Protein chains: 2
Amino acid sequence: MSKKVRIYPVIVAGGSGTRLWPFSREATPKQLLCLSDEKSLIEKSVARCRYFTTEKTYIVAMPYLAEKIRYNTKNVAINYIEEPTKRGTAAAIALAVREIYKKDPEGVITVLTADHELDDKRLGEDLKEASCAAAEKESIVLLGIEPTGPETGYGYIKVDKKLKEYKECYVSGGFVEKPDKRTAEKYLSSGDFLWNSGMFVATAKTFASEIGKYLPKLSGLINAKDSEVEKIFESLKNISFDDGVLEKTKNILVLKTDLYWNDLGSWRSVYELLPKREKGNYTDGNCISRNNENTMIFNKTGRLVVGVGLKNTVIVDTEDSTLVCDLDMAQEVKEVVDTIKSSGRKEHLEHKTTHRPWGRYTILDEGAGFKVKFIHVNPGEKLSLQSHKHRSEHWVVVKGEAKVTNGGKVIVLKQNESTYIPAEATHRLENEGKVELTIVEVQSGSYLGEDDIVRFEDVYERKTIKSK
Amino acid sequence: MSKKVRIYPVIVAGGSGTRLWPFSREATPKQLLCLSDEKSLIEKSVARCRYFTTEKTYIVAMPYLAEKIRYNTKNVAINYIEEPTKRGTAAAIALAVREIYKKDPEGVITVLTADHELDDKRLGEDLKEASCAAAEKESIVLLGIEPTGPETGYGYIKVDKKLKEYKECYVSGGFVEKPDKRTAEKYLSSGDFLWNSGMFVATAKTFASEIGKYLPKLSGLINAKDSEVEKIFESLKNISFDDGVLEKTKNILVLKTDLYWNDLGSWRSVYELLPKREKGNYTDGNCISRNNENTMIFNKTGRLVVGVGLKNTVIVDTEDSTLVCDLDMAQEVKEVVDTIKSSGRKEHLEHKTTHRPWGRYTILDEGAGFKVKFIHVNPGEKLSLQSHKHRSEHWVVVKGEAKVTNGGKVIVLKQNESTYIPAEATHRLENEGKVELTIVEVQSGSYLGEDDIVRFEDVYERKTIKSK
């Protein structure tokens, strides 16, 4: 822990949002959720980097998550890397390695998860230790967590002989898949098996050379010119860094730690994290809990949820879906999401309410050729100057005061006043007041997707095109 | 069963809607629900009268249920009696006795429940038998159901010696309260105790004289002139017919029957009624049921409900509330509703969607000074010609074509067209088309209750006032 190394944190913010459904969705995967407090997991993941480095954090994610992650981390300077398309964590990590390797090949990259809960301070100490070992040994160093129970939901890593020069650094004895209960019990009592935390470190140089050994096509990406990246990326196979590199290389060490760590991999993990009240119950939001035991009611809606006489159960309520699940079967939520997808439903995609930098909107209802939304604009904020090709919009102000640009004209609408925005008209909605502005928007048209939008001007630096 | 008697069915449609919450509400109590098919319980209760009489059915209920009960029974001619105010079943029954006694004192009145499931044909036979006995013996005859289990949720009646001249008619041995489990088991094995079905018969003359004996003030109501009814009614105490008359009189017989009867008194009773699939599961509506046992998912909304790994559980989903309850604790739902009431919430009052003779409306959201509704008008139907004192309305057509009267003008609005109805303007919404008309209504005003309405003309015979 003595040698001075430069540490570059890289957070891979993939995540498909299946295991914490219905709170997580494709459009708001786990890392964007606020579970134990008002901060999202990605926000907390970025904040904890301050415990071990002063370098800016790199976040690698798909473009469709870009706006939300930026909004979640708006108070921190980050290097945001967009994946041109979904090609797995190996390709995502290679994108970050590429940038860091160019400017500092000796720098240590810590690859961190975006959606776990852990002891920040202790992690900082562990990562500094691991970074020194990684730099000195020119190896990948993985954080291995000492198991506290015979967990069947995690991958394990076996440890072999200890390296004398470090406190708790071991030669890897190889990865093992999620075990059954009996095997997990054996692992626990042997003391030789650690949980794979999914966090690992190495110098940029080591990452580049290991990737080069096992995934040569990815090596091409690391050395490519900027103009070539997108094309190479699209030609890649979808593979995880675990499968493609970690499980193949021999150049890997394990730092053993008893760091508090919770991967929030299921509603049971979330239940374990949250503070219980009498009889092991946890409630959040509008609910009535009566004669329940070890039961969690998780409700972030205006709806009312009532649980009576339940045991070991989780209820998660959202505007369009409700999950009621035995906590011991929480892993099956993934299969539920598969069922939703395969039956052509849409409840896995997005919530009825979407947060934007200027406020939020809620879809109240939709049908053939129409959609009805509530739009809430925070004081002092404004939407982009925009137009839609396929839809017209009726706006009725129900709260606050709206400054409306509609074609060439600017008008002010008060409560109970309305206007009509024809298709193709350039328009903007703005709240110059001191209180929230709420309007009801009724859209009509042949196509009502959010992507039918041309932005001419935007205060939140979202993509715009030049005005006609 | 030989003597010819005239039978007048009386259905007391009180019901507060607490035990089947959240599907039942104060505005839509149990008798208005469709549980096992597309027919409401009140509709089925009226229809079964055809098994024992050709006389019109009398329905006694509070005015706020009038419109809905009329709509539910629109294909049948009924005598509808409105209770001036809520004064319990004794007063409600006296109102019906008053009308029947005036025209046919020898006629037999069968007092029936509005919200039970039973074997219609068998009930018809039992009631004919009971009616003969009631007329010949000038007694009240109560239907007593042979118990099929040690039920603790019902009241019991003891039977004494048998009357020779009838098949299964007994002298009453007195009523007993809901027993505990052990007592209920003793009752069951003794064979002397029957469930109190809540259905009883007597001639109008007998009812009048029994009421006169035990509730003399009610006797005044029976003999009062029409103009006096409301005043007398309001001066009455709130008392049930069971407490006020049945449990006091000695002039009562019991007809013992093994009629199939389910009082639908809790979600467990409903579960028992409904047809189960494999592993005792019942599902209705949008839901995914996975590894459940003896579990009912009851969902009449567009939302998705998922149950995983549940046992002996009922989930009832509605637009604004979800209940998840152990079936053995289904009786506690009543206490839940008390909690909702006492905490100042509104989920016990009405559903988000309200059915009207012309179609239905759904409240999408409401806040200070505004309310947003979807209004669906069936083809060929029209709302009343009306005005509101305190609110103005924006209407946007999203489906079909609306004929709109607004002040002196009549206009036609197509999809994506809108209009504004100022407060106090006389207006009407009409669907002359062949497809459903859907509009979004945004109301603004200082008071937005449904009772801010003046009707000038109505095709459904709801109360109107003369046009100004």
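Where in chain A is the place of Pro22(A)? I found Pro22(A) in the loop between β1 (7-12) and α1 (41-47) of chain A, where helices (H or I, at least four residues) and strands (E, at least two) are DSSP runs, numbered from the N terminus.

Before going further, I noted that this is a predicted model, in which local features need pLDDT of at least 70 and side-chain atom pairs count only at pLDDT 80 or more, while totals for chains, interfaces and linings use all residues. I also noted that residues are numbered from 1 along each chain as its sequence is written, and that chains are lettered from A and ligands numbered from 1 in the order in which they are written.

Entry on peptide bonds. I looked up the bond between Trp21(A) and Pro22(A), and it is cis, with omega about 5°.

Entry on phi. I reminded myself that most residues other than glycine have a negative phi, and most peptide bonds are trans. Lys279(B), which is not a glycine, has a positive phi of about 60°, and I located it in the loop between α10 (267-273) and β12 (282-284) of chain B. Lys279(B) counts as exposed because it has 12 C-beta neighbours inside 10 Å (buried means 20 or more other C-beta atoms within 10 Å of the residue's own, exposed 12 or fewer, partly exposed in between, with C-beta atoms placed from the backbone).

Asn312(B) has a positive phi near 55° and sits in the loop between β15 (304-308) and β16 (313-317) of chain B. I recorded Asn312(B) as partly exposed, since 18 other C-beta atoms lie within 10 Å.
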